[in-house]
Amino acid sequence: MYHIIINPASRSGRGAKIWSEQIEPALKKSDAVYQTYFSKKAGEVKHLAAQITAEYKDDPDLKLIVLGGDGTVNEALQGIADPSKVILGYIPTGSSNDLARDLGIPKEPKAALDLILRNVAPRVMDLGRLTYLDKDQPEESRLFAVSCGIGFDAAVCAEAMHSPIKDTMNRIGLGKLTYLGIALKQLITARKVSCTLTTENAVNGKQTAFQLPRFLFVTCMSHRYEGGGFMFCPPATDNDGILDLCCVGNISKVLVLLALPTAFFGKHYFVKGIDAYTTTQMSITASAPLWVHTDGEVTRKSCGFRVECLPGAIRMITPEVK
Ligand SMILES: Nc1ncnc2c1ncn2[C@@H]1O[C@H](COP(=O)(O)OP(=O)(O)OP(=O)(O)O)[C@@H](O)[C@H]1O
């Protein structure tokens, strides 16, 4: 049986339409056995995933299908009791869809459903786990599928989540322009603070600490794309047990503006001050609290956190073995 969690609010309400006009009719025509779970408000996807995985905890191959954007998948991950028992399918209806982009899952929802119904063998995929280490606040962890980050990229997500024009722009198919506008504004106003980044060498386990004075952002990726197609980490592979980092240090904002379009093609490392690292786990301590995101979901500002790769933590329905 397929357990399908639906975020009707994804892409400013298009999720509901895609479900009722494309996915539900196709499912009814098929012989698939399924149960649906609609989120009614933000935060509910986590509870639905927790409820399903608790109720079917004895099923080692629980088929959990998420219809929504990257943020919906991220929320579902927070609720799944034991990811190793879950086979995750994804029907992308968000505006960024970076997870689907990297996995090769069709962006056309009906084609994504067809892939799920074809019953292809799932493959393992790494997850990341971010644990906040702020003093005076309880330790809290969040899983992520695509990436997590601190600084500019998270600030863009934070503002986009509450942007009054995002819905209107999404409705007329120009959602990406919202992000572009917010990114420009955030770039102008971004406060650069310093941080210490500690990585662990993926091969020999050796730890290295870097000082990044006045950094703009650090993103830690399991997949290649974030932010709607920016290929910040071209070598990132989601089943190698390694996380890839893109660190944007103390470079002029004009240079950042020049480098950002090249990041769509993964060519931004020509700029001195943008550096790539690989790690199995890393920690970051910033001199002031900054926004932090996991898969574009922003819940708080933080001065420090640890990130680790959870190799092969979940099984994912994808078109081909990478
Ligand atoms: N019924 C609902 N009403 C409002 N918000 C919801 C609902 N269900 C889930 N959410 C919220 O929607 C957000 C996830 O949206 P998601 O990122 O998947 O789509 P999107 O915003 O269209 O895509 P993108 O992030 O790519 O722009 C989460 O923050 C989640 O809490």
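A residue counts as near a molecule or strand if its C-beta atom, placed from the backbone, lies within 6 Å of that molecule or strand. By that criterion, 23 residues surround the ligand, and the closest are A42, G69, G71, G94 and S96.

Colleagues, a word on the basis of these values. This is a predicted model, in which local features need pLDDT of at least 70 and side-chain atom pairs count only at pLDDT 80 or more, while totals for chains, interfaces and linings use all residues. Residues are numbered from 1 along each chain as its sequence is written.

To return to the ligand: the shell around it divides into four nonpolar, 12 polar and seven charged residues. Here Ala, Val, Leu, Ile, Met, Phe, Trp, Tyr, Cys and Pro count as nonpolar, Asp, Glu, Lys and Arg as charged, and the others, Gly among them, as polar. Which element gives the largest share of this shell? It is α3, with four residues. Helices are DSSP runs of H or I with at least four residues, strands are runs of E with at least two, and both are numbered from the N terminus.

I turn next to the helix pairs. Two packed helices are described by the angle between their axes and the distance between the axes. The axes are lines fitted to C-alpha atoms, for helices over the stretch in contact, and angles run from 0 to 180 degrees between N-to-C directions.

Helix α2 packs on α3 at an angle of about 45 degrees, with the axes 7 Å apart. That makes α2 oblique to α3; angles under 35 degrees count as roughly parallel, over 145 as roughly antiparallel, 65 to 115 as roughly perpendicular and the rest as oblique. From α2, the residues V45, K46, H47, L48, A49 and A50 meet T72, E75, A76, Q78 and G79 of α3, where contact requires C-beta atoms, placed from the backbone, within 7 Å. This contact comprises five nonpolar, four polar and two charged residues.

Helix α1 (residues 10–29) and helix α5 (residues 109–117) pack at about 30 degrees, with their axes 10 Å apart. The two are therefore roughly parallel to each other. On the α1 side the contact is made by I18, Q22, I23 and A26, and on the α5 side by P109, K110 and L113. By class, that is five nonpolar, one polar and one charged.

Finally, the domains. The protein chain is divided into domain 1 (2–119) and domain 2 (127–311), with bounds from an automatic or database domain assignment. Their C-alpha centres lie 25 Å apart. At the interface, 16 residues of domain 1 are in contact with 24 residues of domain 2. On the domain 1 side, α3 supplies the largest share, seven residues. That side divides into four nonpolar, six polar and six charged residues.

Note on methods: Two residues are in contact if their C-beta atoms, placed from the backbone, lie within 7 Å.
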